[in-house]
Amino acid sequence: MPKRCSQWLYKYMSTLLTSADAKTTKGEPLGYLTGILYLAPANVSGFNVCPNATAGCAAACLYSAGRGKFTSVQTARIAKTRRFFASPKRFVSDLSKDIAALVRRADKKGLIPCVRLNGTSDLPWEKLKGDDGKTLMQAFPHLQFYDYTKSSERMTEFVNGDMPPNYHLTFSRSEKGGMGSVYAGILASGGSIASVVNIKRGNPLPAFSGSTQLVDGDEHDLRFLDPKGCIVGLRAKGDAIKDTSGFVLQVA
Ligand code: SF4
């Protein structure tokens with residue numbers, strides 16, 4: 001491996017959180033510095049980090065969008081995922097150090113730090129503890145954490161107020177059938193649902209009839225700022241553009 005490439009890989013591997021990609025920079029004008037953890041989704045690494053992934057979402061996963069399409073990025077994400085499974089406790093402790101650094105960096109920039117741990121995974125971070133016996137939400141009680149999830153159980157815990165108070169979840173729609181009552185229950189309880197739609201970058205989301213508010217999820221990634229009980233539209237990117245499974249909602 002060329003020296004510059006191996007140095008980059010080492011830097012990428014030693015820093016678990018990313019805070020300078022297209023998603024995170026959109027939050028800065030709003031006053032937030034976001035740190036995102038990107039693992040290798042579904043079972044790409046040989047370990048499954050998405051227990052509720054569907055065939056459509058795994059195939060179209062954002063892993064293939066943006067920087068994720070580069071082999072070196074994918075290699076680093078696979079290595080990070082294996083590092084997590086080798087020692088989840090150590091990994092949480094290492095993440096804790098990265099989060100502390102993010103908080104310091106945000107402070108210097110006059111921004112509010114926030115963290116998304118499931119950038120391309122769906123792990124129950126609210127249950128995972130570091131060497132100090134604390135979850136990351138407990139270790140940083142004043143820090144806002146947020147994620148998307150495909151787990152109706154985790155989303156139900158969130159809308160019922162059973163998640164840590166500093167952890168916000170948005171339910172992520174997939175092509176899975178028979179979910180109508182689950183979606184209705186989430187919206188009625190004030191939870192939000194995100195869906196990938198077949199609208200091209202730069203084009204507006206279609207007008208939405210009904211009383212549920214539609215939020216453009218591509219304007220920024222700070223889902224905890226969304227109104228309660230809304231629908232979040234995300235334009236298809238990467239391999240999702242070619243989706244035929246129903247994961248990408250055909251609205252145009
Ligand atoms: S869309 Fe979400 S649940 Fe599906 S594979 Fe990607 S990260 Fe995992």
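The following questions and answers concern a predicted model.

Trainee: How many nonpolar residues are in the shell around the ligand?

Mentor: The residues around the ligand are Cys50, Cys57, Ala58, Cys61, Thr120, Ser121 and Lys150. Cys and Ala count as nonpolar. Besides the nonpolar group, the shell holds two polar residues and one charged residue. The number of nonpolar residues is four.

Trainee: Is Ala42 buried or exposed?

Mentor: Ala42 lies in the loop between strand 2 (32-37) and helix 3 (55-60). Ala42 has a positive phi of about 45°, although it is not a glycine. Its relative accessible area is 12%, and the cut-off for a buried residue is under 20%. Ala42 is therefore buried.

Trainee: Which residues does Leu95 touch, not counting those up to four places away in sequence?

Mentor: Leu95 belongs to helix 5 (residues 88-109) and is buried, at 0% relative accessibility. Its C-alpha atom is separated by 8.6 Å from that of Thr15, 80 residues apart along the chain. With residues up to four places away in sequence left out, Leu95 touches Leu16, Leu17, Leu37, Leu117, Trp125 and Leu136.

Trainee: Why is strand 3 (residues 112-116) largely enclosed by the rest of the structure?

Mentor: Strand 3 pairs with strand 2 in the parallel sense over five bridges, and with strand 4 (residues 144-149) in the parallel sense over two bridges. Strand 3 is largely enclosed because of its buried residues, which number four of the five.

Trainee: Which residue stands opposite Val115 in strand 4?

Mentor: Val115 is in strand 3, where it stands opposite Gly35. Strand 3 also pairs with strand 4. In strand 4, the residue opposite Val115 is Phe145.

Methods. Residues numbered from 1 in each chain as written. Predicted model: local features only at pLDDT ≥ 70, side-chain atom pairs only at ≥ 80, totals over all residues. Heavy atoms only, no water. Near = heavy atom within 4 Å. Buried < 20%, exposed > 50% of the residue type's maximum accessible area, 1.4 Å probe, protein only. Contact = heavy atoms within 4.5 Å. Pairing = 2+ DSSP bridges.
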